[in-house]
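Subject: Structure handover

Hi,

Here is the structure for you to look over. My notes follow below it.

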Amino acid sequence: MIKYTAIVLAAGQGKRMGAGHNKQFININDKPLVLHTLAVFERDTWCEEIILVTNEQEREQMEALLERFPSSTPIRAVDGGAERQDSVYEGLSAVRHQTFPVLIHDGARPFVMEESLHTLAETAVDKGAALLAVPVTDTIKQKEGTRLTTLDRNKLWAAQTPQAFQYDLITRAHEEARERGYYGTDDASLVEQSGKEVAVVQGSYDNIKLTTPEDLHKAEAYLNNQKEKETHAMFRIGQGFDVHQLTEGRPCIIGGIEIPYEKGLLGHSDADVLLHTIADACLGAVGEGDIGKHFPDTDPEFKDADSGRLLQHVWKIVGEKGYTLGNMDCTVIAQAPKMAPYIEQIRENIADLLQTEIDLINVKATTTEKLGFAGRKEGIAAQAVVLLQKNPQS
Ligand SMILES: Nc1ccn([C@@H]2O[C@H](COP(=O)(O)OP(=O)(O)OP(=O)(O)O)[C@@H](O)[C@H]2O)c(=O)n1
Ligand SMILES: C[C@](O)(CO)[C@H](O)COP(=O)(O)O
């Protein structure tokens, strides 16, 4: 996981939208545009802080909106400038975590996907600068006076946001542009001007910028389509499987309970094979990959980590996506130690971690009749099936 800062630009006037006021406050399916965009970053666990660049005259209105819709990710509002580029500069000046990559995003692009944010953050760390873009699908003509020329479409990409950068690199590019009086229509162009390469991350054609009134209809259609898909997904199912090796000199922690045994489980964290399996099943159910993606075993933060804490983090993601537990069924596959005396304690602990009823949690154990690695007591495996159901309030 890479932590990043998001700068969300909302200090424009929305002249081309023709609403008579800043388009960021236009309601799309009962919620102002800017809140749809902020929600993408609020949901993303990689986003450490959001800097919202607002129009000085609209600062109070924006702050009132943020108060009405509180966010779990810190949001700081700062005043923007006359041009988009000036607003970005003000946003950059307010960044606190200067070692994190910064993702600069138009408040008017509410449909960017979380997967794109992660690829951009990773590419910015790796290469310094990256932008989201899509191959152009129309034939593009250049008109000079009355003369038309046709550009080679195979070389053309339509730039989107976010555009992601190492903080020092983009700040320097902005300062150089200010010194030269250069104004670009995006941030990548400033880095290009300073002679550095910007990596292209292919985005989605859905990541539109709401610019003209026609775009509002497209946005409503997109959101209705999304809603339809979500309401159909009343239930989601996930399965998990995990194995850890038994070794001497480690505690044997299964389901959060330390079980007296001559050996323990080996792993980067506390190697709780059952809680890892449950976490994987939960992430699988909400389409969020696996625990390796969220808690890499190369990250020193998770060395000997309490897997109960990891499961609670996963459970928060499940909750944020609007799901609650239907039920779960788990099997621990171990020749030894004998699990039966600890099953009730394990169920209670899982129920406690997930703040749910114990009746929804079934845990059982089996040996493998001395066959295979489990039978030879070389390791312990666990598997789980988790059914999630849509929270009626979401
Ligand atoms: N001085 C400015 C100008 C633009 N933006 C932001 O930059 C994004 C992209 O700009 P655009 O779509 O052009 O928005 P507006 O400038 O609001 O629209 P218009 O050009 O039609 O007036 C928008 O989220 C807008 O709020 C900004 O923060 N500060
Ligand atoms: C940054 C941008 O969204 C990339 O496509 C675009 O250049 C913003 O331009 P605008 O004129 O400020 O809408």
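Start with Val 102. Leaving aside neighbours within four places in sequence, Val 102 is in contact with Tyr 4, Thr 5, Ile 7, Leu 92, Val 95, Phe 165, Tyr 167 and Ile 170. Two residues are in contact if their C-beta atoms, placed from the backbone, lie within 7 Å.

First, the ground rules. This is a predicted model: local features need pLDDT of at least 70, side-chain atom pairs count only at pLDDT 80 or more, and totals for chains, interfaces and linings use all residues. Residues are numbered from 1 along each chain as its sequence is written, while chains are lettered from A and ligands numbered from 1 in the order in which they are written.

The cores. Val 102 belongs to the largest nonpolar core, which has 50 residues. Ile 7, Val 8, Val 102 and Leu 103 touch the most other members. Helix H1 (residues 33-43) gives this core its largest share, six residues. Another core lies apart from it, with 47 residues, among them Ile 291, Ile 350, Val 363 and Ala 382. A nonpolar core is a set of buried Ala, Val, Leu, Ile, Met, Phe, Trp, Tyr and Cys residues joined through C-beta atoms within 7 Å. Buried means that 20 or more other C-beta atoms lie within 10 Å of the residue's own, with C-beta atoms placed from the backbone.

The chain as a whole. The protein chain has twelve helices and 18 strands. These are DSSP runs, numbered from the N terminus: helices (H or I) of at least four residues, strands (E) of at least two. Of the 394 residues, 38% are buried. Among contacts with a separation of 6 or more, 74% join residues 24 or more positions apart.

Helix H8 (residues 273-285). Twelve of its 13 residues are buried. H8 reaches 18 Å from first C-alpha to last, close to the 18 Å expected at 1.5 Å a residue (1.5 Å times one less than the number of residues). Just after H8, Gly 287 takes a positive phi of about 70°.

The ligands. Ligand 1 is surrounded by 23 residues; the closest are Leu 9, Ala 11, Gly 12, Arg 16 and Ser 87. A residue counts here if its C-beta atom, placed from the backbone, lies within 6 Å. The shell around ligand 1 divides into seven nonpolar, nine polar and seven charged residues. Around ligand 2 are Arg 84, Asp 106, Ala 159, Gln 160, Thr 161, Thr 185, Asp 186, Lys 209 and Thr 211. Strand E10 (residues 157-165) supplies the largest share of that shell, three residues.

Best wishes

Methods:
Nonpolar A, V, L, I, M, F, W, Y, C, P; charged D, E, K, R; others polar.
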